[in-house]
Amino acid sequence: MTRELVYTGFMSLDGVVDSPGGKEEGHRSGGWVMDTEFVPEAYSLKGEELADTTALMFGRRSYEAFAPIWRDSADHAAYKELPKYVVSTSLEDDAVIEGWGPITILRSIDDIAELKRGDGGAVFIHGSAELARRLADADLIDRYNLLVFPVLLGEGKSLFSRADRDKRQLRLKESATYSNGVAKLVYDVLR
């Protein structure tokens with residue numbers, strides 16, 4: 001039995017995952033999620049994921065952006081005591097945010113593969129586009145939970161690698177569309 005690695009995130013129609021929450025994240029069109037009409041049911045996937053989440057995973061930059069905010073956020077209280085894994089070769093052990101549950105730093109793709117071989121439930125990757133691309137290239141992602149927004153951003157961090165590689169087949173597990181143009185797409189990676 002292996003643990004499932006699930007990438008979850010907001011994505012533009014052209015595959016950009018950069019700065020959905022605001023310009024301070026770096027993209028000149030940052031905040032594009034907030035610019036879309038709020039329809040509560042379009043975000044139901046995020047609530048549904050809580051039942052499956054047994055741990056969180058971040059790349060260093062996403063961890064440093066999310067941890068100080070999510071640690072004290074009522075909207076993310078359910079994540080507080082879950083184990084968290086930060087994938088980084090540069091983050092020091094003494095630099096982790098205190099008071100946000102158990103945090104383990106993983107240093108390599110091999111460490112992540114070892115985590116997957118262990119016991120436990122699904123590990124959800126938030127943000128972390130660069131990490132997600134590396135994990136996909138290493139064939140370690142098992143599922144994509146995407147909320148695709150009706151916006152074209154052009155330049156920005158992409159969830160998917162542009163490298164020449166073997167075809168990877170996905171199977172649509174679940175989908176829905178909402179009145180604000182957001183589409184929920186849940187894909188299993190076929191092996």
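User: Is S88 buried or exposed?

Analyst: Buried means under 20% relative accessible area, exposed over 50%, and partly exposed in between, with a 1.4 Å probe and protein chains only. S88 has a relative accessible area of 5%, so S88 is buried. This is a predicted model, in which local features need pLDDT of at least 70 and side-chain atom pairs count only at pLDDT 80 or more, while totals for chains, interfaces and linings use all residues. Residues are numbered from 1 along each chain as its sequence is written, and side-chain values use heavy atoms, leaving out hydrogens and water.

User: Where does S88 lie, and which residues is S88 in contact with, leaving aside its neighbours within four places in sequence?

Analyst: S88 lies in the loop between β3 and β4 (103-106); strands (E, at least two residues) and helices (H or I, at least four) are DSSP runs, numbered from the N terminus. With contact meaning heavy atoms within 4.5 Å, and leaving aside neighbours within four places in sequence, S88 is in contact with R60, I105, L106 and R107. The side chain of S88 also reaches the backbone nitrogen of L91 at 2.8 Å.

User: How is a pair of aromatic rings described?

Analyst: The description uses the distance of the centres and the angle of the planes. Rings of Phe, Tyr and Trp (its six-membered ring) pair if their centres lie within 6.5 Å; planes under 30 degrees apart count as stacked, over 60 as edge-to-face and the rest as tilted. The structure holds 13 aromatic pairs. In one of them, W32 and F149 have ring centres 5.7 Å apart and planes at 75°, so the pair is edge-to-face. W32 lies in the loop between β1 and α1 (44-52) and F149 in strand β6, so this pair ties together parts that are 117 residues apart in sequence. W32 counts as buried at 3% relative accessibility, and F149 at 1%. The rings of Y43 and F149 have centres 6.3 Å apart and planes at 50°, so that pair is tilted.

User: What is a nonpolar core, and how many residues has the largest one?

Analyst: In soluble globular proteins, nonpolar side chains tend to be buried together. A nonpolar core is a set of buried Ala, Val, Leu, Ile, Met, Phe, Trp, Tyr and Cys residues joined through side-chain atoms within 4.5 Å. The largest here has 26 residues, and Y7, M57, I112 and L135 have the most contacts inside it. Helix α4 gives the most to this core, with five residues.

Conventions
Polar contact = N/O pair within 3.5 Å; in protein donor to acceptor, adjacent residues only side chain to side chain.
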